[in-house]
Amino acid sequence: MEKLTSAFYDPNRSYQDNILDGPFGEGLKDEKYITEGTPKRSFLGNLVYLDLGISAGPLVNGKAVKRALDLGWDIVTYKTVRSEQYPVNGYPNLLPTRLDQMLNSEIAERGIMVARSFSFPSSPTNSFGVPSLPPDIWVPDATDAVQYAKYGQVVVVSLQGTPKGSHEMFVQDHVDAAKYAKKTGAKILCLNQSCPNEGTSHLLCLDPLMSGRTAEAVRNEIGDKTKLLAKICYFSDQDLLKRYIKSVGPFVDGIVAINTMAARIITEELKPAFGEGREKAGISGEYIRPYGLDMTRRIAGIAADFNFNISIIGVGGIFNKFHYLAYKEAGAAGCEMATGFLASPKAILDIKSGLGISTKKVVENLSGS
Ligand SMILES: Cc1cc2nc3c(=O)[nH]c(=O)nc-3n(C[C@H](O)[C@H](O)[C@H](O)COP(=O)(O)O)c2cc1C
């Protein structure tokens, strides 16, 4: 596979290698930028220069979070962690696809063929399985990253529960993960309810009752001062989305939408590209943007109907300032990107410049991280 020369997360290396030796990327290691002027925008009550950040996933540890902060990103998410160590799916975990039109359920079922190399904008696919380091490693690591944020920057810690046999134990596991996450000092936590999880349905967010129970338990654990986001998938069913928001809305400050969208991923020989048992994986990037925008509009409408003061964080297919502006127009209080960051780790500099926010390169040849 052709290498992503600017890859921050290098898909040609194992997840463990990315944790140990990453982040990678020519020229990215020695660069540091600051944003000029004063931060005037708010992200969940935190002042930032630009309310566009990096969503959970691409930044696999504190080193990666700190490097992203150095590259001029103001809202940076530490990847989803759990209450205990959890293994990563086997290699590969991130592949390019040949998808060249908006994703739909028919294409997702029929299968999307992987491509030989990455080129952007496009829609890659990933299958990590939401791995987690043990809390005795990630809590101090994330704490260090949280403290590294400068004025006008904020680090979000993403967490999720692990199925434990009963609903009560599942709720308790959320509480345990939240307790650890709070210890990092992060001002914002993001509860991932949109990865394969336990509820009566496959994704936790598609089970409004369990989503509400877990969000309430996490809120009770972290108290009122720490902001809480819930991250959800695309909902095709408007009534289910209403029930979800009604159930979770009282306990969260915001909703992050959307996570990746599931599709069958196949090789040229029509075999599962990630291997047997991993037939489906998450599609991100260019061809899911209409779904992210649609959800932003719909959540805004429903939250208004319920009179909930919920910030919507728009995610999905953002690569440039026009995409960001489209989400803002749709009602997003802030935005985040994952694929757009992987494609261009310094995209934020262009986006800020295009929006009249200037950045300055301050340090060359930083020694180490
Ligand atoms: C490599 C990769 C890893 C991801 N890992 C996570 C994760 O651990 N937790 C999570 O909530 N979302 C995860 N996501 C989903 C993204 O945060 C985002 O919601 C999704 O990719 C859509 O945004 P995009 O089109 O900008 O990539 C991941 C996405 C990518 C591309």
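A nonpolar core is a set of buried Ala, Val, Leu, Ile, Met, Phe, Trp, Tyr and Cys residues joined through side-chain atoms within 4.5 Å. Buried means under 20% relative accessible area. The model is predicted.

**Exercise 1.** Find the residues with the most contacts inside the largest nonpolar core.

Solution. 
- Start with the core itself: it has 88 residues.
- Leu 103 and Ile 232 have the most contacts inside it.
- Now ask which helix gives the most: H8 (residues 289-306), with six residues.
- Inspect Leu 103. Leaving out residues up to four places away in sequence, Leu 103 touches Ala 108, Ile 112, Met 261, Ile 283, Tyr 287, Ile 288 and Tyr 291.
- Another core, of twelve residues, lies apart; Val 48, Ile 75, Val 156 and Ile 313 are among them.

**Exercise 2.** Determine how H6 runs relative to H7.

Solution. 
- The axes of H6 and H7 (residues 238-248) come within 8 Å and cross at roughly 20°.
- Angles under 35 degrees count as roughly parallel, so H6 is roughly parallel to H7.
- The crossing is right-handed.
- On the H6 side, Pro 208, Leu 209, Ser 211, Gly 212 and Ala 215 make the contact; Leu 240, Arg 243, Tyr 244, Ser 247 and Val 248 meet them from H7.
- By class, this contact has six nonpolar, three polar and one charged residues.

**Exercise 3.** Describe the contact of H5 with H6 by class.

Solution. 
- Locate the pair: H5 spans residues 167-183 and H6 spans residues 208-222.
- Their axes come within 9 Å and cross at roughly 35°.
- This crossing is right-handed.
- Residues that meet include Phe 170 and Val 171 in H5, and Met 210 and Arg 213 in H6.
- Sort by class: eight nonpolar, three polar and five charged residues.

Key: Residues numbered from 1 in each chain as written. Predicted model: local features only at pLDDT ≥ 70, side-chain atom pairs only at ≥ 80, totals over all residues. Heavy atoms only, no water. Axes fitted to C-alpha atoms, helices over the stretch in contact; angles between N-to-C directions. Helix = DSSP H or I, 4+ residues; strand = E, 2+ residues; numbered from the N terminus. Left-handed = near helix turned anticlockwise from the far one by under 90°. Contact = heavy atoms within 4.5 Å. Nonpolar A, V, L, I, M, F, W, Y, C, P; charged D, E, K, R; others polar. Parallel < 35°, antiparallel > 145°, perpendicular 65-115°, else oblique. Buried < 20%, exposed > 50% of the residue type's maximum accessible area, 1.4 Å probe, protein only.
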